[in-house]
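Thank you all for making time this morning. I would like to walk through one model slowly, with its working definitions, so please have the sequence and the structure open as I speak.

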Protein chains: 2
Amino acid sequence: MKKIVSTLKRKTFRHGDLRNALVTAGLEMARVGGPDAVVLREATRQAGVSPNAAYRHFAGQAELLDAVRSACLSRVAAAIEEEMKKCRPGRDPQAFARKSLRAVGMGYLGFAMREPGMFRTAFSVPPPVDSPDPANTASMGLNAFQLLSLALDRMHESGLLSRKDRQDAEYLAWSTVHGLALLVLEGPLHKMPREMVRALGERLVSMVERGLNSETAN
Amino acid sequence: MKKIVSTLKRKTFRHGDLRNALVTAGLEMARVGGPDAVVLREATRQAGVSPNAAYRHFAGQAELLDAVRSACLSRVAAAIEEEMKKCRPGRDPQAFARKSLRAVGMGYLGFAMREPGMFRTAFSVPPPVDSPDPANTASMGLNAFQLLSLALDRMHESGLLSRKDRQDAEYLAWSTVHGLALLVLEGPLHKMPREMVRALGERLVSMVERGLNSETAN
DNA sequence: ATCCTCAAGTAGACAGCGTCCACATACGCT
DNA sequence: AGCGTATGTGGACGCTGTCTACTTGAGGAT
């Protein structure tokens, strides 16, 4: 009876690919409404299945959310990778390094603006620990953090960053773009026009570029 | 019957200060569990009152949360102010300016580490807009943003920051510390030892200090 | 071909949540 | 003293996540 209401009425008793269907439904909910919007019962409804069926694939709502979050993290990585592919190594390694760093930062921010719900979900409460989990990566096989590391490595190798300044620089750079993204998405900067956000993003990455290097001013 | 279970059984029919009691209860819940933990029914329970009584003071749960959030924002401002009082203007205005900026950043991060729940609540989803709302301020009458502006003004006035670089610099600086705070509190940096967070915070503020100034490197 | 097993899905129930509606109380004004 | 109204109560509804018990049927062993 209720099943008819749902999206698709399957004829087989077995769904066949329920776990995946639930994650997909959850991902869409996250896309629209952020982490709080991913509700287990609704996912089962969209999959045309009874609520409890979900428990054959996830220990509970939290575990479903984890799966969705993981998917969101992959999207973030993909967005960065996309941006990064645009900058190819020319004859100037320093310019290449700088462009790489910018790509990471702007790719990150760009995704946050394009897909607020997924972005917020990707970085919501239960930290997926520092997982070398291959599920969070894009096609290149690198997650967002590793892509950032790559860009910073290029900075170092091209002589733009001393060994000491290179150390743990990912956390500094990451904090910066992540902070702006969140302030805009769910913070007091919510109403800031997107054009200004973009401009601010550019300045922000420039700031990081300069600020990471401790050799400059005193 | 249920009333007896609750904290305090009042004898007067009127509570007298229910709105405040609800916010206080909510604040404590936020302190412990973040924004999602502030639940209306529980607040009324702690106030020894029926659930619906809350609706005489708030349009709904969201409005209660708003009040709690506002209280949290005040705490943030207070924490920064506290840190800022430590640095008094000496004979070197530039050193004073730098110290001020550091105070804002470290006060912000310090509060985030000390009171994760309140911090997360303060900056959770529904942005309190850019409210010149006096409720969000500490005793000095300045909110977190204004305290940051003050520090940046000192940077500018002491010649550490050009007029152009001063422009909207609060957003850049803010993004930075906010990002680190959130990555640590509810992001992938969750398990990072607090000592390292502190060290990272110091580096971060240094980075901002250098990076804000576009006159340095190229 | 038949039976058996066991993973996968169903059915129904429970508590807790936010919220709506109708009703009760007593504070403070006239 | 009487009354209006701000404040609190009671009960209900639909939603959520989750528990326990039951059913279904696909695939391997016989």
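Predicted model: local features only at pLDDT ≥ 70, side-chain atom pairs only at ≥ 80, totals over all residues.

Let me begin with chain A, whose secondary structure comes to ten helices and zero strands, where helices (H or I, at least four residues) and strands (E, at least two) are DSSP runs, numbered from the N terminus. Read from the N terminus on, the elements of chain A therefore run α-α-α-α-α-α-α-α-α-α. Residues are numbered from 1 along each chain as its sequence is written, and chains are lettered from A and ligands numbered from 1 in the order in which they are written.

Chain A has 218 residues, of which 45% count as buried; a residue is buried if 20 or more other C-beta atoms lie within 10 Å of its own, exposed if 12 or fewer, and partly exposed in between, with C-beta atoms placed from the backbone. As for contacts, two residues are in contact if their C-beta atoms, placed from the backbone, lie within 7 Å. Among the contacts in chain A with a separation of 6 or more, 73% are between residues 24 or more positions apart.

Now to the pair of chains. Chain B can be laid on chain A by a turn of 180° and a shift of 0.0 Å along the axis, with an RMSD of 0.0 Å, the copies being superposed by least squares on the C-alpha atoms of residues with pLDDT of at least 70 in both. The two copies are thus related as by a two-fold rotation axis.

How many residues does each chain bring to the contact? Chain B gives 36 residues and chain A gives 36 residues. On the side of chain B that touches chain A, α9 (169–186) and α10 each supply at least two residues, and the largest share, twelve residues, comes from α9(B). That side of chain B divides into 20 nonpolar, ten polar and six charged residues, where Ala, Val, Leu, Ile, Met, Phe, Trp, Tyr, Cys and Pro count as nonpolar, Asp, Glu, Lys and Arg as charged, and the others, Gly among them, as polar. Because 100% of the interface residues of chain B are also interface residues in chain A, the copies meet through the same surface.

Within this contact, please look at helix α9 (residues 169–186) of chain A and helix α10 (residues 194–211) of chain B, which pack at an angle of about 65° with their axes 10 Å apart. The axes are lines fitted to C-alpha atoms, for helices over the stretch in contact, and angles run from 0 to 180 degrees between N-to-C directions. From α9(A) the contact uses A:Tyr171, A:Leu172 and A:Ser175, and from α10(B) it uses B:Leu200, B:Arg203, B:Leu204 and B:Met207. By class, the residues of this contact are five nonpolar, one polar and one charged.

The axes of helix α10 (residues 194–211) of chain A and α9(B) come within 10 Å and cross at roughly 65°. Here A:Leu200, A:Arg203, A:Leu204 and A:Met207 of α10(A) meet B:Tyr171, B:Leu172 and B:Ser175 of α9(B).

Let us turn to the DNA. Around DNA strand C there are 21 residues, the closest being A:His15, A:Ser50, B:Phe13, B:Arg41 and B:Gly60, and a residue is near a molecule or strand if its C-beta atom, placed from the backbone, lies within 6 Å of it. The elements giving two or more residues to this surface are α3 (40–46) and α4 (61–85) of chain B, and the largest share, three residues, comes from α3(B). By class, the surface near DNA strand C has nine nonpolar, seven polar and five charged residues.

I will finish with single residues. Is B:Ala103 buried or exposed? B:Ala103, found in helix α5 (residues 93–114) of chain B, is buried, because 23 other C-beta atoms lie within 10 Å. B:Ala103 and B:Ala151 are 48 residues apart in sequence and 8.5 Å apart in space, C-alpha to C-alpha.

A:Asp168, in the loop between α8 (163–166) and α9 of chain A, has a phi near 60°, a positive value in a residue other than glycine. With 13 C-beta neighbours inside 10 Å, A:Asp168 counts as partly exposed.
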